[in-house]
Structure formats: C-alpha cells, structure tokens
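Biologist: I'm new to this structure and would like to learn how to read it. Could you walk me through a few features?

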Amino acid sequence: MGTFQIEGGHQLQGKIQPQGAKNEALQILCAVLLTSEEVIINNIPDIIDVNKLITLLGNLGVKIQKLGKGRYSFKSDQLDLEYLQSEQFKKDGSGLRGSIMIVGPLLGRFGKGYIPKPGGDKIGRRRLDTHFEGFINLGATFRYNKEDRFYGVEAPNGLKGKYMLLEEASVTGTANIVMAAVMAEGTTTIYNAACEPYLQQLCKMLNSMGANISGVGSNLLIIEGVKELGGCEHTILPDMVEIGSWIGLAAMTKSEITITNVNWEMLGLIPTTFKKLGIRIERRGDDIFIPAHTEGYEVQSFIDGSIMNISDAPWPGFTPDLLSIILVVATQAKGSVLIHQKMFESRLFFVDKLIDMGAKIILCDPHRATVIGHDFQSTLKATTMTSPDIRAGISLLIAALSAKGTSTIHNIEQIDRGYEDIEARLKSIGAKIERIE
C-alpha cells in the first residue's frame, strides 16, 4: 500500500484546475454500452475507480482508444456477453461500486445484465434495491445467487415502460433505470428521481444519442422509448466534490488559491455552505478565488442564535461527499457547528484521527458530530493515520497540510480512487508532500 508523508503548516498559493467529475464519469462510461456507434468522451479523470471501469469495459469487448489526455473513443459493436458469466468478471466487478451501472444499459440493449455484489467505500450500507426494483418494474425477472453473491436480471421479450415512484432518490439507481428504460417499449415515468448534475449530464448525453427524456433537472423524468441509439460526443463537468475540497484546503492552510473553470451554475449549495463557516468565496468569471484567511473564519449562527447545523440531502441539497471536508474545516473555525451525516452511518468514524491531532470533536452517534473550532489559537498536531475511504482520506490530507510537523497517511489508494495526480497538483501550489510506495 502507498503512503503520503506531509510536512504541514505551510501557506499555499496559485491556481488549481479541477479534474473531470468522478461520479459523472462512472455513469457516462456505462452509457457507451447502449449503442454500437462511436461515443467520444472528454475530460475523463485519470483515477483508479474510473480506470477500473474502463478496463472492465475493455474486457467486455468495448473498443477503446485514447485520443488525448482525458479524451477517449468507445465503440460497443462487438461485445463479448459471455464475459459476464466468467470468474474474471466476478473479480473485476466486485472491486468497483460503479460497476452496478453496466446492468441497466446491458438489460436495455440485450435483454440481460449481470453483476457481482460491488465493492467500493466502507462507509455503511448502500442498498441496491432501487436499481433492481426499477428493472423489475420494467418487466425484468430478477435472480440472486447468494453463494456467489451474484445478481442477474433478464428480459428476453424486452422491457416495457411503466410509472414508478422510487423509494429513495438514488443517483446511481436513477441512472441505471434511465439507461434501461431509454429503449423500452412505451413510456416510463420515474418520480422521486435523483436530479444531481451528474444525472442531468447523463440524460443530456442520452438525448444527444437519440433518446427522448423530458423533465431533466427535476425529480420527475418521463422517458419515451426509442428503438436504438446512436453515437455522440460528450464533455464531463468539473468535479464539484474536488472543488469543495480545494475550498476547504485554502481555508485550513490560510492560502490564497484560485480554482479555475468550476462551472458555477452546477455547484448548487456548495459555495453557500462553506460561507456558513465564514469562508470568503469570490466569483471571478467561471473561477473561484479564495483569499488567504489570515484572520481566520467564524461560523455563522441561525437567525434565532442557535448553533449552526450542516447536513447532507439529495440534490439540490448539500452533497454528502463534502461533509467530511466541512467537518475538518470547522476544526479551525471560530465557533461551533453540528455536522449531521444523514445518508451513511459510518462516514464520520474517521474523526478519531482528527481528535488524535488535537481537534475538539464530540461524536454524538454514527450520524452526528459536534465540532468546537480552535480559531487557529491551537494548531493540529502531526500524526500517523490510515485513509478509510476517498472523502475521509482527502479530509485527513487537508488536516495534515494544516498541521504542525510531518504526518503520515497510509492506504492512499483510497485517495487515488477519487483524486487525479494529487501530489503533483498540490506541489504545484507549494504543498510539501511525498508519495512513498
């Protein structure tokens, strides 16, 4: 396993360009399976999770060409569907959470889709019921081999559109159902659909391929089935979670940083939520400028004077992927804040590492933590820690860059799963970080 050594306590300065959005890329890449024509995708991030999915698609028979940095061509005209029953597929699919989204396009185009129980983050249960209940609603039969932990759906006579009300507004579940439904017979209506920017991007891409999806951006999607889809060219959004990570990094290290080409219109509540912690954010064209917070930053309170409460929610609420960053940034704020992680029950368990570093955090229960900020009157202390998941990993890295002394972070493959070439990009703005294999 790889390790980072970080010499903290240095102010950073410069510009940093966000990578392409990881969560969008995982959806978009699966959508190439819906057509035999060429699909070109731009701004694909070079990260472990995305590269694993590209490898899986190649093993499935997709013809893949790298046309340039982040630019690929995909052609799914001669797929090897027997690979789906192989031991290699069970190994490839089980190591990646996003692999579940190949099932929808395969079911929609070929009438069958299979997947081993996917892996990914250890952040609590993430049920797959929404995915498979959606497929069953469209007319597929479901089977699960408990011994092999292998899922399958089949619709040899094709899928038929149907009205469905989702129990949860699952992003990957909605994406999977949409990809299955675009070539189903008749009309599919999905209520309580996820409407995250990544899902909007997927729907826009599918429409450019010839699909007929209306209601994009809302929680009510109406899909008129078509017989086939064609090729297209699509560009992935900048990663809003990475943008939020750099905002947090700038505040914690009192650094002057410009985050370039952020696509402001798709950031939702992210700037507003960081401003609740007292962080100053300036819009300069399509860039974010964070001035050096040499005097610190103060948490706001609610109108009635009660303690600030920041929680996650489905879009357009605040993304759960940034709550770990908000929590770390709050450790040096002036004031207190309650962090409420509603969606994943194990995502706050990394706070013990922050407490070891000197942070004042009370873990109330698996979902809630109260943070009493130091107001930079006391710096965090360097320590040795292990990254449990992508977002906790980057949060610990930000803490280490702000801490006094040299910290060590093990299991940095978790960070590499979501952040492209991170040490080189951090070094470019002055960070003292080294990778030790």
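Modeller: Let's start with a helix pair: the axes of α1 and helix α2 (residues 48-59) come within 10 Å of each other and cross at roughly 5°. That angle is under 35 degrees, so α1 counts as roughly parallel to α2. Keep in mind that this is a predicted model.

Biologist: What do I look at in general when two helices pack?

Modeller: Two packed helices are described by the angle between their axes and by the distance between those axes. After that, you can go down to the residues. Here K22, A25, L26, L29 and C30 of α1 meet D49, V50, L53, I54 and L57 of α2.

Biologist: How many nonpolar, polar and charged residues are in the contact of α1 with α2?

Modeller: Sorted by class, this contact holds eight nonpolar residues, two charged ones and no polar ones.

Biologist: Is α1 enclosed or open to the outside, and how many of its residues are buried?

Modeller: Nine of its 10 residues are buried, so α1 is largely enclosed by the rest of the structure. The buried residues of α1 include K22, E24 and Q27, along with L26, I28 and L29.

Biologist: Now the sheet. What is the order of the strands in the open sheet of four strands?

Modeller: The order is β4-β5-β3-β13, and the pairing is mixed. At the edges sit β4 (63-68) and β13 (232-235), each of which pairs on one side only. On average, neighbouring strands in this sheet are turned by 20° against each other, direction ignored.

Biologist: Which helices pack on it?

Modeller: One is α1 (residues 22-31), which touches β3, β5 (71-75) and β13, with its direction at about 170° to that of β13. Helix α7 (residues 197-208) packs on the sheet too, touching β3 and β13, and its direction makes about 160° with that of β13.

Biologist: How do I read "mixed" from the individual pairs?

Modeller: Take them one at a time. Strand β3 (residues 38-42) and β13 run parallel, joined by four bridges. In that pair, I40 has E233 of β13 as its bridge partner. By contrast, β4 and β5 are antiparallel, with five bridges, and I64 stands opposite F74 in β5.

Biologist: What lies between the strands in the hairpin of β4 and β5?

Modeller: There are two residues between the strands, and G70 in this hairpin takes a positive phi near 70°.

Biologist: Last topic: what is a disulfide, and how many does a search of the whole structure find?

Modeller: A disulfide is a covalent bond between the sulfur atoms of two cysteines. The search of the whole structure finds zero.

Technical notes:
Residues numbered from 1 in each chain as written. Predicted model: local features only at pLDDT ≥ 70, side-chain atom pairs only at ≥ 80, totals over all residues. Heavy atoms only, no water. Pairing = 2+ DSSP bridges. Axes fitted to C-alpha atoms, helices over the stretch in contact; angles between N-to-C directions. Contact = heavy atoms within 4.5 Å. Parallel < 35°, antiparallel > 145°, perpendicular 65-115°, else oblique. Nonpolar A, V, L, I, M, F, W, Y, C, P; charged D, E, K, R; others polar. Disulfide = S-S within 2.5 Å. Buried < 20%, exposed > 50% of the residue type's maximum accessible area, 1.4 Å probe, protein only.
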